[in-house]
Amino acid sequence: MISVRLVSFVCLHFATFTLLNCLSVKDQMYANIIADNPCFLRLNGTNQFGCTSSRFGNVGTLHLVSNSTDLNWLFNEGKANPYTVALTPKMFNREVLQSIELSAKVNGIMLLMNGTEQEVINNDNLQNTGFSPEDTCPNRYSDVNSCPTKPWNPYGTDILLKSWSFPIFVVYDQNTIKDIIDCFKNHNLPLNNQNDQSLCALELKSHMYAAVDSKTCLRRTMMTYQNIRPIKFCDPLGDKNVYWSLKELRPNTPDQSIAIVAARLDATSMFQDLAPGAMSTATSIVTLMATANLISEMLSYNDANNYARNIMFILFNGEAYDYIGSSRVVYDMLDGNFPNDLIKLNHSHIGLFVELSQIHYDKEVVFYRPIKNNASENVINFMNLFNKSLSDDSFSVTESKSTSIPPSSLHSFLKIDPKFPGIILTGFRDQFKNKFYHSILDDAENIQYGNNSTIPQTIANISTSLSNSLYTFITNSTYTGLKQANSSYVTKLLDCYVKSMNCEVFQSLTSPLHLPDNPPNYYISIDLITNTITSLSRLLFASFGSKIINEVQNEENCLNYRTKQGFMPIWLRGKYNACYSTTSNVTDAVSPAFIIPDYNLSSPKYSTWTESVWHEVQIRMFLRQSFKLQIIIFVLGILIFLFSFIIIKKMYDQSGINFNNQEVHSVTNF
């Protein structure tokens with residue numbers, strides 16, 4: 001009887017101790033990995049693309065793959081599957097990913113970047129061969145022409161447009177990479193007896209709620225709205241287009257009186273919050289901004305009012321996904337709602353459309369124009385003036401002989417008017433020079449932006465020539481002043497759009513608000529969120545030639561101030577710290593497919609891209625016990641269960657004696 005009570009006390013004490021310390025045991029078992037950048041799921045009207053894990057995460061034995069030998073061992077000799085593969089940059093390519101998927105041995109992938117280990121840092125191969133996860137002809141199904149024989153993006157691998165059967169993460173933190181490599185070396189080597197030892201393993205969790213295609217996930221979302229707690233499976237991609245005009249846009253605008261200078265505001269990549277877009281996007285934005293700033297100094301508001309013509313600068317958003325922003329502008333024009341239902345601009349009001357695309361650090365500019373707009377006098381005059389101005393600065397300026405035009409917002413306008421007066425100014429001839437188009441490697445290094453960089457002066461020269469040509473479009477005369485784009489100002493803009501949003505120019509507009517100290521993320525995201533770089537670009541536009549509203553002294557009154565038609569009130573912080581009347585504004589960059597009632601989402605007419613909703617992103621590292629030890633633990637568990645059963649049976653059989661004794665000796669019987 002005493003022994004039974006003693007055993008009961010020990011078991012109860014052990015159970016209490018276990019419950020109190022279960023959290024610390026869990027913490028000792030798992031090491032959390034910094035994992036902020038998973039590959040996620042995107043969908044269009046017919047397919048899904050990207051990555052997802054199972055609902056409770058994918059678990060696999062860690063295996064470091066830094067060369068083809070490591071990969072061959074995994075396929076031919078690895079017995080501790082499923083595996084989680086840690087890839088070095090040179091091994092992250094279409095062929096490796098496809099072979100990994102076909103092997104059915106891999107449960108997840110991590111791409112190790114910026115490590116300190118020699119086997120991790122090896123980008124030399126990538127610098128030579130290039131790496132673009134995009135299609136060889138981006139937006140091929142929404143262009144007005146078919147893909148040329150020599151595809152625009154020769155470095156494209158198409159892995160961005162494939163649905164992978166396992167989660168993929170990218171890891172940048174150097175300490176984390178060191179921990180992963182150390183765990184592999186300490187526990188998973190040697191490779192020849194992995195089943196006889198405890199192995200380092202990883203759990204990758206990035207479960208995506210959406211599936212199949214945009215039509216399916218949106219229908220499922222609508223069905224759950226009937227529930228008390230509706231569930232959202234995906235959201236349409238969307239943001240805002242940003243525009244600014246030299247003077248206000250007015251109703252009854254004369255035909256062909258507006259010159260539009262355009263660039264895209266977005267880029268993309270496989271991984272969340274990692275779309276640096278330096279050459280894909282940023283250099284063109286900086287060129288546009290420098291031009292807008294210069295033309296506002298060349299032609300003041302009062303001077304511009306003396307002429308019938310106007311210039312509109314616009315940044316289209318979502319162009320990486322079948323031209324979301326530009327197609328919405330065209331749709332609104334046809335519907336009489338661009339930029340609003342009072343001014344109502346349409347494509348006939350546009351006399352010149354100049355798009356900036358992938359401006360390069362080389363002193364080379366190439367014109368692309370549709371064959372059918374040869375008769376446009378405005379286009380021919382612009383090209384002649386621009387060509388002469390840049391040639392004087394020792395640039396190579398040529399016109400492409402290609403019968404196709406590269407991926408650009410111009411396609412959206414050509415769909416409604418094949419003779420639309422548009423041209424594209426690029427830094428490439430026939431094929432992209434950008435080896436990392438829509439890649440996480442399209443950063444400051446890709447455009448050779450650093451000490452003694454030539455790209456600020458190159459952009460400044462292009463901006464000056466572009467401004468001179470636009471000045472002639474407005475005034476029908478040659479600019480004789482001395483103003484020109486300043487390379488030091490271009491450098492400051494590049495700092496903001498390529499290196500860090502916490503930069504001098506943006507701080508002058510937002511201080512004391514704190515800005516993220518990291519490069520912009522140019523991914524468009526979902527229509528419920530306005531990207532930080534979108535808002536900052538609008539503020540920057542507002543600082544060009546805007547007039548201060550002296551009678552407004554605080555931000556709240558500024559937002560409610562009624563300006564005249566064509567202007568908007570905006571409060572600029574920082575060194576401005578006042579309310580301004582500006583032509584800077586935004587329009588919706590959400591595909592018409594999501595606002596047209598009963599639109600067929602399988603139709604290719606408009607973009608139908610959505611982004612999956614997800615709940616948790618996590619990577620945990622732990623030791624997976626050897627197979628033999630797992631068998632021992634299993635058998636030991638059965639023995640403990642049987643022993644516990646015998647003890648409980650013994651206690652039950654003696655319960656009558658124990659409880660009777662307690663009644664005899666109880667206090668109440670005295």
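Trainee: Which hand does the link of Cys137 and Cys147 have, right or left?
Mentor: Right-handed, with 50 degrees about the S-S bond. This is a predicted model: local features need pLDDT of at least 70, side-chain atom pairs count only at pLDDT 80 or more, and totals for chains, interfaces and linings use all residues. Residues are numbered from 1 along each chain as its sequence is written, and side-chain values use heavy atoms, leaving out hydrogens and water.

Trainee: Why are Cys137 and Cys147 called a disulfide?
Mentor: The term needs a pair of cysteine sulfur atoms within 2.5 Å. Theirs are 1.8 Å apart, so the pair qualifies.

Trainee: What does the pair of Cys137 and Cys147 tie together?
Mentor: Parts that are 10 residues apart in sequence. Both cysteines lie in the loop between helix 5 (124-129) and strand 7 (168-171). Helices (H or I, at least four residues) and strands (E, at least two) are DSSP runs, numbered from the N terminus.

Trainee: How do you know whether the disulfide of Cys183 and Cys200 is right-handed or left-handed?
Mentor: The torsion about its S-S bond is about 115 degrees, so it is right-handed. The S to S distance is 2.0 Å. Cys183 sits in helix 6 (residues 174-187) and Cys200 in strand 8 (residues 199-205), so parts 17 residues apart in sequence are tied together.

Trainee: What makes Cys183 and Cys200 buried or exposed?
Mentor: Cys183 has 11% relative accessibility, so it counts as buried. Cys200 has 0%, so it is buried as well.

Trainee: How many disulfides does the rule give?
Mentor: The count is 6. In sequence order, the bonded cysteines pair 1-2, 3-4, 5-6, 7-8, 9-10, 11-12.

Trainee: What makes a set of residues the largest nonpolar core?
Mentor: A nonpolar core is a set of buried Ala, Val, Leu, Ile, Met, Phe, Trp, Tyr and Cys residues joined through side-chain atoms within 4.5 Å. The largest has 79 residues. Phe313, Tyr497, Phe506 and Phe541 have the most contacts inside it. Helix 8 (residues 278-298) gives the largest share, 12 residues. Apart from this core lies another, of 33 residues, including Ala80 and Leu274.

How values were computed: Buried < 20%, exposed > 50% of the residue type's maximum accessible area, 1.4 Å probe, protein only.
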